[in-house]
Each structure stands twice: as C-alpha cells, then as structure tokens.
Amino acid sequence: MINFKNVVKEFSGKPVLRGMNLNVAKGETISLVGTSGAGKSVTLKHMVRLLEATSGEILIDGENILDKDGPELARMREKFGYLFQGAALLQWMSVFENVALPLRENTKLSDKEIEEKVVSVLEKVDLLAAAEKLPANISGGMQKRAGLARAVVTEPLILLYDEPTSGLDPVTSRTIDQLIHDLQRDLGVTSVVVTHDMISALTISDRIAMLHQGRVSEVSTPKDFLKSENEVVRNFLDSQCISSKFFEEFPERTLS
Ligand SMILES: Nc1ncnc2c1ncn2[C@@H]1O[C@H](COP(=O)(O)OP(=O)(O)OP(=O)(O)O)[C@@H](O)[C@H]1O
Ligand SMILES: [Mg+2]
C-alpha cells in the first residue's frame with residue numbers, strides 16, 4: 001500500500017532521511033517510533049507529499065506520488081486522513097464545523113448529508129455533546145478526538161496519525177488507542193501511527209518500525225520487537241521501562 005524505496009530527504013544539505021525503506025501492507029497498523037528528531041513526522045509528511053523527497057521513490061498503491069501533480073496528486077491525497085501533531089483544529093470554528101470542513105471542501109455532499117456524517121463520526125469519538133464548542137473550550141483529549149473525527153470523516157483508505165496520545169494522561173491515551181484500534185477493525189483502513197508512547201505502539205500495531213538516524217533500524221511484530229537484540233531498540237525500550245515480558249505482565253493491554 002505504501003512503499004518507501006531508498007528515500008533521502010535533505011534540508012539545506014543536511015540529511016534527515018538517509019535512505020529510508022519501508023513497506024506498509026494494506027489493512028495493517030504500523031507504528032513508527034524513535035527519539036525526538038529521528039524523522040518520524042518528516043516520514044509521515046512524505047506520504048502525502050507535504051514534503052518533497054530529495055531522491056528515492058514513494059509508491060502509494062503502486063503509483064509514485066513524486067511523479068504526480070495537479071489533479072492526479074489531489075486524487076492520491078484523497079486516499080488519506082491525517083491527524084496532525086497537536087490536532088491542528090481551526091480555533092474560530094466549532095468542533096462540528098472543524099469535522100465538516102474536509103467534506104465541505106472536497107465533496108459535493110448536501111448540508112444534510114454532511115450533518116449525518118459528522119454526527120455519526122462525533123458519536124464514534126464520544127464528542128456529540130461538545131459539537132458546538134470551540135476548540136479552546138474543550139480539553140486536550142477532546143481536541144485529539146476531534147482531530148481524529150476530522151481525519152476519518154471522509155472515510156479514507158489510509159490514516160496517518162502523528163502523536164495521537166502525546167500530552168494526554170495515561171487513561172485518556174488508552175481510550176485513544178482503543179479508538180484507533182476500533183477504526184482499523186471497523187473500517188479496515190491502513191494506519192500509520194507516529195508515537196513516542198511504547199504502550200500505545202505495542203497494543204495497537206501489527207508491526208512496529210524503529211526509526212534511527214533517518215533509516216528504519218528494525219521492523220517487527222510487537223512480540224518480536226520486545227525480544228529484539230538490536231541495541232537501538234533495547235535502549236528505547238529501557239528508556240521507557242518497558243520489559244520484554246510486557247504482554248505477560250499486562251495481559252489486559254491486548255485490544256480486541
Ligand atoms: N521543514 C523543515 N525544515 C528544516 N528542517 C526540518 C523541517 N522539518 C523537520 N526538520 C528537521 O528534521 C529532523 C526530523 O524532524 P521530525 O519532525 O521528523 O522529527 P520527529 O521524529 O517527528 O520528532 P518529534 O518526536 O520531536 O516530533 C529534525 O532535525 C528537524 O529539525
Ligand atoms: Mg514529530
């Protein structure tokens with residue numbers, strides 16, 4: 001579904017992605033983890049060409065997004081829903097209008113059809129009661145859920161999440177994890193989740209990719225990731241006090 005082939009990205013001659021290879025299969029949830037500055041958000045932005053690769057290929061459903069422009073690029077972007085780091089809601093619009101925005105801009109749906117879709121997705125993220133509030137007047141967790149609702153309202157094939165749980169308390173974080181998991185299960189979407197949060201990565205992912213110095217240092221299932229002998233992976237897990245017996249210690253963490 002998404003294939004990065006030897007992708008290099010330099011900013012003013014300084015390399016950030018140094019030959020990134022990554023394959024995301026249709027319908028899978030993959031998490032990208034790594035320390036701050038490892039290139040996680042930059043990788044995500046390349047998937048919708050918000051950033052231009054210096055070299056390499058980025059195939060979406062077999063088509064190189066780097067070769068496209070105009071309507072063709074717009075058509076490829078329509079496959080994606082994007083939850084930006086920090087939710088990025090428009091502050092002068094209600095939650096309802098924020099979620100309705102991609103439908104108003106990218107579809108020809110009537111106001112009634114838009115309302116039905118927005119209400120249904122706000123119900124899913126448990127935000128219907130806050131529909132008329134402004135983003136400044138709801139909590140950080142509610143803002144993330146509103147961002148999530150906006151990302152999924154167009155029913156995209158691929159969902160990109162940038163730090164969906166950062167800045168949230170552990171309980172709210174687990175609610176977001178469950179929501180991402182449910183969306184994947186109910187809609188069958190392909191999901192790429194950038195996160196610092198190892199508990200989140202371990203519980204929602206089919207596979208976890210560890211980014212280090214602009215490359216993928218390891219990709220494996222959560223169980224194999226925990227057992228990895230890769231030094232980069234071990235340091236990352238140790239820094240968050242995650243033991244290799246995580247699933248035995250916390251069986252209730254498994255989502256269904
Ligand atoms: N538009 C840009 N111009 C110049 N440098 C950039 C730009 N965007 C990102 N970078 C640099 O690329 C590197 C990777 O940034 P990126 O945002 O992908 O990190 P990250 O892994 O998402 O980190 P964090 O966990 O803090 O969000 C950083 O050194 C950053 O300063
Ligand atoms: Mg980032």
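**View 1. The buried stretch of helix 5.** Met142, Gln143, Lys144, Arg145, Ala146, Gly147, Leu148, Ala149, Arg150, Ala151 and Val152 of helix 5 are buried (20 or more other C-beta atoms within 10 Å of a residue's own, with C-beta atoms placed from the backbone). This is a predicted model, where local features need pLDDT of at least 70 and side-chain atom pairs count only at pLDDT 80 or more, while totals for chains, interfaces and linings use all residues. Residues are numbered from 1 along each chain as its sequence is written, and chains are lettered from A and ligands numbered from 1 in the order in which they are written. Helices here are DSSP runs of H or I with at least four residues, strands are E runs of at least two, and both are numbered from the N terminus. With eleven of its 13 residues buried, helix 5 is largely enclosed by the rest of the structure.

**View 2. What helix 5 packs against.** Its buried residues meet strand 6 (80–83), strand 7 (158–162), helix 3 (95–106), helix 4 (111–124) and helix 6 (170–187). Contact means C-beta atoms, placed from the backbone, within 7 Å.

View 3. Beyond neighbours within four places in sequence, Ala149 is in contact with Val99, Val121, Leu122, Val125 and Leu127.

How values were computed
Two residues are in contact if their C-beta atoms, placed from the backbone, lie within 7 Å. A residue is buried if 20 or more other C-beta atoms lie within 10 Å of its own, exposed if 12 or fewer, and partly exposed in between; C-beta atoms are placed from the backbone.
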